[in-house]
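Colleague: Could you take me through this structure and tell me, term by term, what each word rests on?

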Amino acid sequence: MCMSRVYRSILAVLVVAVLPASLFATVHNISINDNFFAPLNSVVIQGDTVRWTYMGSIAHTTTSDPSSPKAWNSGLLTIPLSTFQIIITGTDPAGNYPYRCTPHGNFGMRDTLRVFAAPDADGDGVGDPFDNCPTVPNPTQTDADLDGIGDACDICTDTDGDGLGDPGFPANTCILDNCPTVSNLSQVDADGDLVGDVCDNCPLVPNPDQTDTDLDNIGDACDVASCCVKEGDFNHNGSMNVVDVTAYVAYLFQGGAIYLCKDEADYDDNSSVNVVDLTKVVARLFQGGPLVLCP
Ligand SMILES: [Cu+2]
């Protein structure tokens, strides 16, 4: 066999493997003739359709017997080639489904469907025609992105539909989304904190934890309001103390870093962080100086 035929065979196998099993559900055709159904005793698998076609010259019905696990009733059929159908679902039990023609059942116009449970290749209790992952056990059938493919076997669970996968789904093989709740194919992340700009509560200030103490949807890292209430808290740890003084000194005189929320360090709020701020912080801490509030 030449290589292209090998590939074609492999492709055919792959295509069959990914097709939903429901595509293989069968339609069982039964004709309704004058005073008999044909064929009799159809063998039906859960997921299959049973379709009756009226071929008679007098009125007939297909009507489930009281002992049938599933109830149906076509009513009187009189139009040539008119049809009536039922679908045996995954919750319809295996067993015999007797039925009859209402006017002629007592004259022997009866039949029984022989219903069998659907195969369950992965043994998860959900029959293949109904299983959103027929080959991966997933009794819960969860499908977060509602694409009909269960999370357990979905290679791209993508709830915002941008083609990029949500984190936290082990079956995903697609590229992961830096903003799973908002469609953002561009994945722009200006501050490089791995949170996409459209989701980032501080798009220009790296804050991977997205902390937002005052719940105003503006992250603490860039929230002027939360900066203001902590002015003098140079290292942004929630309190103003001697460590902040050390950090001021390091920043002002030793090339040390400044916290990105610059307003915090600007104790006197004059738009520059300088030795005056340091002096005022020291005064506040050690000499009972005034606590400078935001303007
Ligand atoms: Cu009849």
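The talk below goes from the whole protein to single residues.

Modeller: Please keep in mind that this is a predicted model, in which local features need pLDDT of at least 70 and side-chain atom pairs count only at pLDDT 80 or more, while totals for chains, interfaces and linings use all residues. Residues are numbered from 1 along each chain as its sequence is written.

Colleague: How many helices and strands are there in the protein?

Modeller: There are five helices and eight strands, where helices (H or I, at least four residues) and strands (E, at least two) are DSSP runs, numbered from the N terminus. Read from the N terminus on, their order is α-β-β-β-β-β-β-β-β-α-α-α-α.

Colleague: What makes β1 and β4 a pair of strands?

Modeller: Two strands pair if DSSP finds at least two bridges between them, and six bridges join β1 (residues 27-33) to β4 (residues 49-54), so they pair, and they run parallel. Within this pair, Ser-31 stands opposite Thr-53 in β4. With β2 (residues 36-38), β1 pairs in the antiparallel sense over three bridges, and there Asn-33 stands opposite Phe-36.

Colleague: Why is Asn-35 called partly exposed, and why is Asn-41 called exposed?

Modeller: A residue is buried if 20 or more other C-beta atoms, placed from the backbone, lie within 10 Å of its own, exposed if 12 or fewer, and partly exposed in between. Asn-35, in the loop between β1 and β2, has 14 C-beta neighbours inside 10 Å and therefore counts as partly exposed. Asn-41, in the loop between β2 and β3, has 10 other C-beta atoms within 10 Å and is therefore exposed.

Colleague: What is the phi of Asn-35?

Modeller: Phi of Asn-35 is near 80°, a positive value in a residue other than glycine, and Asn-41 has a positive phi of about 60°. Most residues other than glycine have a negative phi, and most peptide bonds are trans. A cis peptide bond joins Ala-38 and Pro-39, with omega about -5°.

Colleague: How do you know that the span of helix α5 agrees with its number of residues?

Modeller: The expected span is 1.5 Å times one less than the number of residues, so the 13 residues of α5 (residues 275-287) should span 18 Å, and the end C-alpha atoms, 17 Å apart, agree with that.

Colleague: Which residues of α5 are buried?

Modeller: In α5, Asp-277, Leu-278 and Val-281 are buried. They cover an arc of only 100° around the axis (taken from the directions from the helix axis to the C-beta atoms), which puts them on the same side of α5. On the other side, Val-275, Phe-286 and Gln-287 are exposed.
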